[in-house]
Amino acid sequence: MQHNPRVTTVVDDVSLSSVSVGRGVPVIYLHGALTTLDEGLIGLGATLAPHHRVTAFDRPGHGESGSGIGTGSAWRQAELIHAAVEAMGIVRPVVVGHSFGVAVATAYALQFPEDVVGVVALAPIAFPEPRLEQMMFGLRAIPGSGPWLNEMSALWDRVAMPMLWNGMFLPQQITSAFKAEFPFEMSVRRSQLRADGEEALMMGADLARSALAYAGARVPLRVLQGDRDAVANPMRHGRPLSFLWPDSAFVSLPGLGHMAHHFAPETVLAAVAAVSTARSNVLPVAA
């Protein structure tokens with residue numbers, strides 16, 4: 001679909017880039033690692049835009065968004081994006097996150113429950129565990145040797161990144177729309193891969209903090225995950241997240257992998273409607 005130009009909102013000296021499409025009940029989209037806001041609009045824009053005003057953000061350090069001290073933290077990213085959402089006049093959106101974007105979406109809802117209708121978690125990374133990202137990118141964020149390693153990895157990244165993008169889609173093939181519209185060159189920039197490294201380094205502590213808070217969540221959650229997701233195991237992430245979160249439901253998508261929402265966008269639309277309906281039944285937010 002045709003996307004509107006990126007706009008920039010500056011929060012605490014960090015520039016946050018976003019694109020908005022459609023009209024209706026507001027939805028915020030937060031992409032995962034190694035991608036940009038374009039990923040969400042490619043996969044979901046055409047389905048959500050007739051019913052919702054979808055605003056997709058480049059998370060800090062990704063796409064055209066800047067970064068700053070501590071912006072590798074999912075909780076800090078949630079603070080910045082919440083401030084940008086308020087500055088843009090967006091009121092009580094449904095927050096949709098994919099993969100590591102779910103870590104940001106849940107941190108957003110846990111910190112600002114009165115400002116969120118609900119959360120839709122797509123293929124979530126929700127609990128700390130040893131991960132490939134930490135090995136491949138985390139070392140690049142270590143002070144001293146990290147920047148040098150990041151620069152020296154440029155040639156390797158040209159080879160590895162296409163394999164990682166294709167691997168995200170398994171067992172399906174990467175879609176023709178993603179091939180045609182995704183800004184691959186933007187996503188292999190040194191600054192973005194260093195941002196992915198910062199997230200990988202902070203992921204363990206961030207997800208541990210979130211996991212301890214899930215049981216106190218006060219907004220509805222719907223978790224959607226392919227049963228063949230090889231990036232985030234549903235039994236270690238999606239299902240336990242749904243179990244701990246008080247008002248939640250888990251939807252398994254048979255035969256689909258980590259990028260299931262690109263193949264089942266109508267299921268995401270239904271989940272957005274479900275959390276909107278469930279909001280009235282959530283426990284009242286403490287004063």
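## Aromatic rings

Six residues, Trp165, Phe169, Phe178, Phe182, Phe184 and Phe263, are joined by ring pairs into a cluster. Here, rings of Phe, Tyr and Trp (its six-membered ring) pair if their centres lie within 6.5 Å; planes under 30 degrees apart count as stacked, over 60 as edge-to-face and the rest as tilted. This is a predicted model, in which local features need pLDDT of at least 70 and side-chain atom pairs count only at pLDDT 80 or more, while totals for chains, interfaces and linings use all residues. Residues are numbered from 1 along each chain as its sequence is written, and side-chain values use heavy atoms, with hydrogens and water left out.

The structure holds ten aromatic pairs. In one of them, phenylalanine 127 and tyrosine 214 have ring centres 5.6 Å apart and planes at 85 degrees, so the pair is edge-to-face. These two partners come from distant parts of the chain, 87 residues apart: phenylalanine 127 is in the loop between strand 6 (118-122) and helix 4 (132-136), and tyrosine 214 is in the loop between helix 9 (190-213) and strand 7 (221-226). Helices (H or I, at least four residues) and strands (E, at least two) are DSSP runs, numbered from the N terminus.

## Around tyrosine 214

Are the two partners buried or exposed? Phenylalanine 127 is buried, with a relative accessible area of 15%, and tyrosine 214 is buried at 1%. Buried means under 20% relative accessible area, exposed over 50%, and partly exposed in between (1.4 Å probe, protein chains only).

Tyrosine 214 also pairs with tryptophan 245: the ring centres are 5.9 Å apart and the planes stand at 40 degrees, so this pair is tilted. Tryptophan 245 belongs to the loop between helix 10 (238-244) and strand 8 (248-253), 31 residues from tyrosine 214. Tryptophan 245 is buried too, as is tyrosine 214.

Which residues does serine 99 contact, leaving aside neighbours within four places in sequence? They are Gly32, Leu122, Ala123, Pro124, Ile125 and His258, where contact means heavy atoms within 4.5 Å.

Aspartate 157 is part of helix 6 (residues 154-169) and is buried, with a relative accessible area of 2%. Not counting residues up to four places away in sequence, aspartate 157 touches Phe137, Arg140, Pro162, Arg190 and Leu193.

## Backbone details

Most residues other than glycine have a negative phi, and most peptide bonds are trans. Alanine 123, one of the contacts of serine 99, has a positive phi near 45 degrees. Alanine 123 lies in the loop between strand 6 and helix 4 and is buried, with a relative accessible area of 4%. Leucine 34 also has a positive phi, of about 65 degrees. Its place is in the loop between strand 3 (25-30) and helix 1 (37-48), and leucine 34 is buried at 7% relative accessible area.

A cis peptide bond, with omega about 5 degrees, joins leucine 170 and proline 171. Proline 171 is in the loop between helix 6 and helix 7 (176-181).

## Inside and outside

Helix 1 is largely enclosed by the rest of the structure, because eleven of its twelve residues are buried. Among them are Leu37, Asp38, Glu39 and Gly40.

Proline 130, by contrast, is exposed at 78% relative accessibility, and its place is in the loop between strand 6 and helix 4. Proline 130 and glycine 97 are 33 residues apart in sequence and 21 Å apart in space, C-alpha to C-alpha.

On the surface, Leu139, Ile142, Leu201 and Met202 form a nonpolar patch with about 320 Å² of accessible area together. Patches are made of residues with over 30% relative accessible area and no salt bridge, with like charges joined within 9 Å and nonpolar side chains (Val, Leu, Ile, Met, Phe, Trp, Tyr) within 5 Å. A salt bridge is a side-chain nitrogen of Lys or Arg within 4 Å of a carboxyl oxygen of Asp or Glu, and accessible areas come from the Shrake-Rupley method with a 1.4 Å probe; for residues, only the protein chains shown count as cover. Leucine 139 is partly exposed, at 45% relative accessibility, and is placed in the loop between helix 4 and helix 5 (145-152).
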